[in-house]
Amino acid sequence: MSTPLSSAPRPAQILVIDDEPDLRTLYELTLLREGYHVEAAGSVSEAWQHLEAARFDAVITDMRLPDGQGMEIIHRIQKNQRSERCVVMTAYGSAENAVEALKAGAFDYLTKPVDLKQFRAVVASAVQATRAPVVQVKPEKAAVASTSERAGAASITGSSGIAALDRLVGESDPMRLVKSRIAKVARGMAPVLVRGESGTGKELVARAVHACSQRSDGPFVAVNCGAIPENLLEAEFFGAKKGSYTGSSQDRDGYFQAARSGTLFLDEIGDLPLAMQSKLLRAIQERSVRSIGSTQEEAVDVRIVSATHKDLHAEVQAGRFRQDLFYRLNVIEIAVPALRDRREDLPALCAALLARIAQDGGLPVPHLSAELLRRLALHPLDGNVRELENLLHRAVALNDGDELHLDLMGGNVATTMAAADMASATPAQLAPRNDAPVAVAELKPAPVAEFKPTPPPLPSDLQAYLDQQEREILVRALHESGFNRTAAAARLGMSLRQIRYRIARLGITTPNGDDGASSHVDD
């Protein structure tokens, strides 16, 4: 006895809009072979007749049409809150049109002449995004300032998205807005620029964008643009063929190839040299890369998310960052708030960090006292969440009882001690103080002896001696800056790349368990 066949899912409905009959036919045949149901139109008015008569999973439209622009279709779909994902086709070199379309709400873009393999991949992504299962977000997670943001946070693709948003600890208004924006922008393919101070959690935001997107099953490849030697940048990004340079014994993929069907996270994009910026721009615009030593370009399907703590507007004005690359990367911006702008999140952040620290160390979760929270609230925390984590790491490491005690003997001691006493100080005690008697007493030079001291013996290993001196200076600078490498580098008159190199060379370990080499978790 034969079992009844289950009803097959209906094929995805695609609307193709192009005024050139030959191209329209080519696109139709390509999509029909993929099993889609396809309808076609040659103008804006004809396209809208199809849209008024039926619902589609995806709309692929040329930018220039006889009676208008493809942008009109995108705007009307957005205005009417329709579910169709729009893919626009732009002429070669019309990068500004693609950026404009993405900002208007297009899911993705293709450059003419269209590569059919890429065409099929983009349409498949658009259909997958439309048909992805919807998981509702908890109401408190979706409380935001505007109706449009609230609509963006209403649903997220997959439970991994909710888990990623939960890792962004905090329910303050700035954090709710960040989470809402992540949920909204994750649905498309538009490049995202995450902006924020060092230590605010920019990579966590980038990972959440990836986890909330239809690409969550693909790889998330994080790259620290400031940690790669300049002479290796092209090979690291685009790959290299066997024998293309000394020591190249086999073909190797670059970051773009490794991130296929996923997300490529370019951290500290502002540190990328100008020569590499132009090559990166071309790879992003053309969706293809050429490995070193190869004569062929290969298509790459990646979504770009970048991050920086720098003011890229100022970098563009100073000539250190390409304006065209900036506009290409900054299609959608997510600003991550500094910790001082969301101090109401401190209790939840401390609880989450202490739970993780205790789990990593196989320890019971320490008690979080009101006094510790009060002292943290008065501490400057210029290093943001990273500095908070370092303070709690030290507190746990030095804990000898049931209650944690903060070790604030790093940088900003005078500021911290003064702030901690403000709640109980009298007006007279709040007068400005420039003295630090204990520190001054400790730093007073010893009385000069009447005899000339014997000079220290010459080191038997000069390099080892110099390395030790350099290590001590770097450790001190890192400690006094709350292990914020950007601040420590600035204090020593070095670049971020230089201090990372020295940390790795000297084997200096930070509380994050990071020796400076794996610097995709960045300052």
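**Burial across the chain.** I started with burial: 46% of the 523 residues in the protein chain are buried (under 20% relative accessible area; exposed is over 50%, partly exposed in between, 1.4 Å probe, protein chains only). This is a predicted model, where local features need pLDDT of at least 70, side-chain atom pairs count only at pLDDT 80 or more, and totals for chains, interfaces and linings use all residues. Residues are numbered from 1 along each chain as its sequence is written, and side-chain values use heavy atoms, with hydrogens and water left out.

**Elements and contacts.** I counted 22 helices and 16 strands in the protein chain; these are DSSP runs numbered from the N terminus, helices being H or I with at least four residues and strands E with at least two. Next I looked up contacts (heavy atoms within 4.5 Å). Of those in the protein chain with a separation of 6 or more, 71% are between residues 24 or more positions apart.

**Helix α9.** I checked residues 202-211 and found α9 mostly covered, with eight of its 10 residues buried. The buried ones are Lys-202, Glu-203, Val-205, Ala-206, Ala-208, Val-209, His-210 and Ala-211.

**Glu-315.** I found Glu-315 in helix α13, residues 312-317. Its relative accessible area is 11%, so Glu-315 goes down as buried. Ignoring neighbours within four places in sequence, I have Glu-315 in contact with Lys-310, Arg-320 and Phe-321.

**Cysteines.** I searched for disulfides (a pair of cysteine sulfur atoms within 2.5 Å) and the count is zero. Cys-86 counts as buried because its relative accessibility is 3%. Cys-225 is buried too, because its value is 0%.

**α20 against α22.** Two packed helices are described by the angle between their axes and the distance between the axes, so I looked up both. For α20 (residues 462-480) and α22 (residues 496-506), the axes come within 11 Å and cross at roughly 120°. That angle is why α20 is oblique to α22 (under 35 degrees is roughly parallel, over 145 roughly antiparallel, 65 to 115 roughly perpendicular, the rest oblique). The axes are lines fitted to C-alpha atoms, for helices over the stretch in contact, with angles running from 0 to 180 degrees between N-to-C directions.

I then listed who meets whom: from α20, Gln-463, Asp-467, Glu-470, Arg-471, Leu-474 and Leu-478; from α22, Ile-499, Arg-502, Ile-503, Arg-505 and Leu-506. By class, I have five nonpolar, one polar and five charged residues in this contact (Ala, Val, Leu, Ile, Met, Phe, Trp, Tyr, Cys and Pro are nonpolar, Asp, Glu, Lys and Arg charged, and the others, Gly among them, polar).
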